[in-house]
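Got your viewer open and the model loaded? Here is a short walk through it, one selection at a time.

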Amino acid sequence: MRRAGKVVREVLELVRGHVKPGATTADLERVAEARISELGAKPAFKGYHGFPCVLCTSINQEVVHGIPSKKRVLKEGDIVSVDCGAIVDGYYGDAAITVPVGEKIAPDTVRLLAATEKSLYAGIAAVKPGATLGDIGAAVQGVVEAEGFSVVRDFVGHGIGSHMHEDPQVPNFGEAGSGMRLKAGMVIAIEPMVNAGKPDVRVLRDGWTAVTNDGSMSAHFEHTVAVTDTGAKVLTE
Ligand code: MG
Ligand code: MG
């Protein structure tokens, strides 16, 4: 899983370098697909329940599961979340980043990106044997709501291993001390999805793209995290 995580990280950093005004999300997809193959890995998303691509690319008010397209041109001031999964020898890695397009990002949007990434690391900091899923959710939610943003409820993190989505679900909200207890050897994907406005989302007619109901901006960061004897080991860093 460390190897799969390393592939995902390498692909995401390569794609980050291709995010610029005028690029399309199909350009990002092409770069990612070629690199996953060069690294001897398999894409985890392509064909998953019929998803057509190796990346999810979700622009601005799109929350998750946007489909790369040559019609989707990135503009100065946009943000784009890039989510990638890879399989190495049957084991999965899964991570996401949200990247600003160009230099002229609205201050509230800069704050949204920072709060979302910070909330991911707060969730990771809560991971250790004996901690609960609620400890993770409460840590994420606390950071997000302190900034006046909201946590998406309809999508959550997940266990990961020889399948991309395994038990348990890992919500980005909850009560400290509640829920399943973590044990060394478990691996989970923690992935806060954070809206600038209200938490409600809906899915577009393509059957995949989730957007904020109120049209507000949304950000997404994700890591695959192993529970160790002493705490957490991020496998996609
Ligand atoms: Mg993901
Ligand atoms: Mg995931």
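Start by selecting Asp-83: with a relative accessible area of 7%, Asp-83 is buried. Keep in mind as you click around that this is a predicted model.

Next, show the magnesium ion (ligand 1).

Asp-94 bridges the magnesium ion (ligand 1) and the magnesium ion (ligand 2), and the two ions lie 3.1 Å apart. Around the magnesium ion (ligand 2) you'll find Asp-94 (OD), His-158 (NE2), Glu-191 (OE) and Glu-222 (OE) coordinating at 2.1 to 2.2 Å. The spacing of its donors reads D-x63-H-x32-E-x30-E. Glu-191 sits in the loop between β9 (187-190) and β10 (193-195), and Glu-222 in the loop between β13 (218-220) and β14, so this pair links parts that are 31 residues apart in sequence.

Are these two glutamates buried or exposed? Glu-191 is buried, at 7% relative accessible area, and Glu-222 is buried too, at 1%.

Now colour the strands β6, β10 and β13. They form an open sheet of 3 strands in the order β6-β10-β13, with antiparallel pairing. β6 (150-151) and β13 are the edge strands, each pairing on one side only. Between β6 and β10 there are 2 bridges; zoom in on Ser-150 and you'll see Asn-195 of β10 opposite. Then select residues 107-125: this is helix α3, which packs on the sheet, touches β10 and β13, and runs at about 35 degrees to the direction of β13.

Last stop: helix α1, residues 2-18. Its 17 residues should span 24 Å at 1.5 Å a residue, which agrees with the 25 Å between its end C-alpha atoms. Show the side of α1 that is tucked away: Ala-4, Gly-5, Val-7, Val-8, Arg-9, Val-11, Leu-12 and Val-15 are buried. In an α-helix, residues three or four places apart point the same way, because there are 3.6 residues a turn. What covers the buried residues of α1? The cover includes α2 (25-38), β2 (55-59), β4 (79-88), β5 (91-100) and β14 (223-227).

Technical notes. Residues numbered from 1 in each chain as written. Chains lettered and ligands numbered in written order. Predicted model: local features only at pLDDT ≥ 70, side-chain atom pairs only at ≥ 80, totals over all residues. Heavy atoms only, no water. Helix = DSSP H or I, 4+ residues; strand = E, 2+ residues; numbered from the N terminus. Expected span 1.5 Å × (residues − 1). Buried < 20%, exposed > 50% of the residue type's maximum accessible area, 1.4 Å probe, protein only. Contact = heavy atoms within 4.5 Å. Donors = N, O, S within 2.8 Å, 3.2 Å for Na, K, Ca; no water. Pairing = 2+ DSSP bridges. Axes fitted to C-alpha atoms, helices over the stretch in contact; angles between N-to-C directions.
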